[in-house]
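Here are a few exercises to work through with the model open in your viewer. Try each task before reading its solution.

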Amino acid sequence: MCEVKLSDIHFSYNTNVAIDNISLTISQGDFVAVVGPNGAGKSTMLKIIAGLIKPTRGQVQIGGKDIFTAKGHGLIGYVPQNYGKNAQGFPATVKEVVALGLTLGAAAAKKNHQAANHITTHMMELVGVEQLRDRRIGELSGGQQQRVMVAMALAANPQLLLLDEPTSGIDYDASARIYELLGTLNKNLGITIVMVSHDIEKAVSWANKVACINRKLCFFGSSKEFDDTHAQARHLWYYTGQ
Amino acid sequence: MEFFQYDFIQRALLAGLITGIVCPLIGSFVVVRRQSLIGDGLGHIAFAGVTGGYMVGLYPVVGALILTIAGAVGIELVRRRHTEFADMGLAIFFYAGAAMAIIFSTMTRMPSTGLLSFLFGSIITVSLTDVITIAGAGTLVLVIVYFLFDKLMLMSLDEDIANVAGINTGMINMLFSILTALVVVVGMTIVGILLVSALMIVPVATAHLLRVGFKATMGWAVIFSMLSVFIGLTSSFYLDIAPGGTIVMTAILLYIIMTIIRQCIAFKERRKEQILSSFGDE
Ligand SMILES: Nc1ncnc2c1ncn2[C@@H]1O[C@H](COP(=O)(O)OP(=O)(O)OP(=O)(O)O)[C@@H](O)[C@H]1O
Ligand SMILES: [Mg+2]
């Protein structure tokens, strides 16, 4: 019911074509790693799936409904590439920010104070920020802020989770933990995940599908197939898009 | 105290305290949305509304309300085009308001005492009707902020996340902008157009010094603001000086005091650490 279907998506910023004719279908329960060089259009595609920008051509459907009608039931969680635009100096504590996630979801937990507290604490533990709970988010390091944003998205209990480089700027241990967490959420709860990452090896090892983008869709298939057939070609397309 | 026996003081205090609550409430969001100048921008538009209203024979506050709300809608529409330069759009409206006010006021020859009461506030002369109107507007602001609190907070942090979650960010931004206009017009009657923005920003700045969470910052801002109104109004009465200015100066004084207290605490903590570490060395 959370199948994501992109048909003939085309997008340009003024005259600059960012996405050229991409069609693909992400099934319920998939974990898709989106990879590609800087400026390839990964963030743009994620924003199109999220319904933040309207494609110049083509359509996005989530669970058979147009994205702009599907959006708005707490179904989709989104972690932007540059976590909280105004996060610098933002006065909210980590706990306050993670708890905000609860109010986004369709979950009834927000009505029950105790349950809300419990979930908030659990999410903070999952991403390893519970010892920072009373610190203000604006006074954390970039990686710490990123983790808080992931925890907030998770607290909303989304069925489709869109993450734009959630592990960039995050140290080795914490990023391993985030991959593991996403893998667990995907396997145990069946949450569909679409994640942009530059850490190809790790992302591909956790994902079951890979989408390579460089304006056009260069490859879309299982991560096993990607590993097998593209081992050598990978570096080539990564830098040339061929 | 004889002070509280005067009817006009009771009314002034009531109107002032209500304004003292709603200004920093809106101001808390305004500051984190990087729109600290919005009160000034809307204030100048309100002034154009006062003079323009007078020109066409409207009750000045009504004129101010109409034009300020129109300005708030305009500010929000411009902000959507320049999300990364929120303050640039505000500046444009600031100048537009000031320019219109100058044109209207020279066209109408509104008596300068009337003009001054809007520029400098007229807290001492608020009528019972004024108090009731202010209380009504204040309640409206309070109720809307209460119900939209989480959404406003998330949108201040990251509008995209809110948008994806299905929050109608366009509608809420517009509503917030209009609420700000309402607060500016209310504040105009109390501390005056020139200083209304100060009540929205200064208590919030003082609360930020405490480095507590979002809700706590907002709570403290309201406390600092109400303290400023109370102390400012009382001392202006005994010193026989302008209440609007005294209220804002009190708010700024609180900011300075809080900065000094923070410095002292930081200094003491550093000393304590130094002493402890020198013991550790031996
Ligand atoms: N707001 C914008 N206005 C104009 N052009 C843009 C804008 N955002 C992105 N672009 C252009 O669109 C193209 C795709 O950008 P996008 O951000 O989607 O790349 P990306 O794959 O996410 O890159 P990165 O790995 O650096 O995050 C780039 O050429 C970029 O210059
Ligand atoms: Mg990107």
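Buried area is the accessible area, with a 1.4 Å probe, that two parts lose on being put together, summed over both. Keep in mind that this is a predicted model.

**Exercise 1.** Work out how much area is buried between chain A and chain B, and what share carbon and sulfur atoms give.

Solution. Start with who takes part: chain A brings 29 residues to the contact and chain B brings 23 residues. Putting the two chains together buries about 2,300 Å², with 64% of that coming from carbon and sulfur atoms. Now look at the residue classes: the side of chain A that touches chain B has 15 nonpolar, nine polar and five charged residues.

**Exercise 2.** Find the salt bridge between chain A and chain B, then list the elements of chain A that give two or more residues to the side touching chain B.

Solution. The cut-off you need is 4 Å from a Lys or Arg side-chain nitrogen to an Asp or Glu carboxyl oxygen. One salt bridge turns up between the two chains. Its partners are Glu139(A) and Arg211(B), with the closest N and O atoms 3.2 Å apart. Five residue pairs are in polar contact across the interface. As for the elements, β6 (76–79), α3 (94–104) and α5 (142–155) of chain A each give two or more residues to that side. The most comes from α3(A), with five residues.

**Exercise 3.** Check why the radius of gyration of chain B agrees with that of a compact globule.

Solution. Chain B has 282 residues, so a compact globule would come out near 19 Å; the chain has 21 Å, which agrees. For the make-up, count 11 helices and zero strands in chain B. Finish with burial: 51% of the chain B residues count as buried.

Notes: Residues numbered from 1 in each chain as written. Chains lettered and ligands numbered in written order. Predicted model: local features only at pLDDT ≥ 70, side-chain atom pairs only at ≥ 80, totals over all residues. Heavy atoms only, no water. Contact = heavy atoms within 4.5 Å. Polar contact = N/O pair within 3.5 Å; in protein donor to acceptor, adjacent residues only side chain to side chain. Helix = DSSP H or I, 4+ residues; strand = E, 2+ residues; numbered from the N terminus. Nonpolar A, V, L, I, M, F, W, Y, C, P; charged D, E, K, R; others polar. Rg over C-alpha atoms; globule rule 2.2 N^0.38 Å. Buried < 20%, exposed > 50% of the residue type's maximum accessible area, 1.4 Å probe, protein only.
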